[in-house]
Amino acid sequence: MRFTLVSLFYIIVFSSVSCSKKDTEECKPTIGDVTQSVYASGVIKAVNQYTVFSTVNGILNETKITVGQHVNRGDLLFKLESEKAELNTKNAQLAYQLSQEGNRYIQDKISEMEMRVQSAKDKLALDESIYNRNKRIHEYKIVSEVDFERVELAYKSSKINYETAKKQLDQLRAQLKNDQSRTNINLKINQKLENDFSIKSAFSGKVFDIPVKEGTLITTQTPLAIIGQSDSFLIELEVDENDMVQVRLGQQVLVTMDSYKGRVFDAVVDKIYPIMDERSRTFKIEAHFIKPPPKLYPNLTAEANIIIKIKKNVITIPKSYLIHGEYVLVNTDEKRKVTIGLSDYQNAEIISGLSVGETIYKPK
């Protein structure tokens, strides 16, 4: 952004120049102060100011708030038409109740299967004991080969039956858990969707605006209300990308507003957003007033100069007396090269090439 005369009239310049108005304007360098600043423009915003949006589309049935009202976090602001969502929730509740009845049937089957598993386990223990005894005496040829194989087969069969019964029990338990989770999740989803039609406040604050009317079709892009703190304001400014590298936290800011013409308010940079807006090629920063104006409202326009550097007691001349930013006229028409230091909109610091008391002339 470029410096403008309107935005910079309030830059504090302590230097004064001794200039005379003749046929040829002349001037003498003086000792003074030079202030370097970065221009920014923006608006006043309430602290925690935000725009209320809906997360669903629908017809606005009820507005529960009025402009100027104070609301607390979680207060109901708007209600959208939610008949379909309510029916879906009831349907999910019925499905949940039916699943609970079905789950009782599965629970009975689980109890029955647990008994079968215990029975298969007991039989396996018995057949394993018989098998181990017959295995020991089989080595001494006391038991026939046929009888031993019959005992071994019974043991293996019991083992398979026990493992099968355990798997069936695990499957029934998993089925019960999945059915419960599925119907419970479906119910919660529908309850959440139904709750989305009741729009609540995210923060406590004052209602500054309600730009919609009941009966309006609301989309997720429709602003419903603007809410923020009523007694605390900040300045949201945009700084050109060319100037942003000079801005730091804690820097002094001089602010003017059309609402308070002729007055300058001190502020301090307290937040810098570290990403550039690609459309405007600007960075957003926030500043707070040291001593705020008596009355403020959201979206009041503001202009500001962020003080980058102040040099005191330096030799200064008006910038209009410079030629190509590095020469001045002495003896009416003699060019002299000078070294320029800090400069603001009006004055420039002379580092070398000119001393106090010498006369310089304004170029034609």
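**View A. Contacts of Glu-286.** Glu-286 touches Leu-234, Ile-235, Glu-236, Val-268, Val-269, Asp-270, Lys-271 and Tyr-273, leaving aside residues up to four places away in sequence. Contact here means heavy atoms within 4.5 Å. The model is predicted: local features need pLDDT of at least 70, side-chain atom pairs count only at pLDDT 80 or more, and totals for chains, interfaces and linings use all residues. Numbering runs from 1 along each chain as its sequence is written, and side-chain values use heavy atoms, without hydrogens and water.

**View B. Glu-286 in strand S15.** Strand S15 spans residues 282-289 and holds Glu-286. Strands are DSSP runs (E, at least two residues), numbered from the N terminus. Glu-286 is buried, that is, under 20% relative accessible area with a 1.4 Å probe, protein chains only. Glu-286 has no salt bridge, defined as a side-chain nitrogen of Lys or Arg within 4 Å of a carboxyl oxygen of Asp or Glu. Lys-271, the nearest side chain of opposite charge, is 4.7 Å away. The side chains of Glu-286 and Tyr-273 form a polar contact of 2.6 Å. Such a contact is a pair of N or O atoms within 3.5 Å; within protein, one must be able to donate a hydrogen and the other to accept it, and residues adjacent in sequence count only if both atoms are side-chain atoms.

**View C. Glu-241 and Arg-281.** Glu-241 lies in the loop between strand S12 (233-240) and strand S13 (252-256). A polar contact of 3.1 Å links the side chains of Glu-241 and Arg-281. Their C-alpha atoms are separated by 5.9 Å, at 40 residues apart along the chain.

Methods:
Helix = DSSP H or I, 4+ residues; strand = E, 2+ residues; numbered from the N terminus. Buried < 20%, exposed > 50% of the residue type's maximum accessible area, 1.4 Å probe, protein only. Lys, Arg positive; Asp, Glu negative; His and termini not counted.
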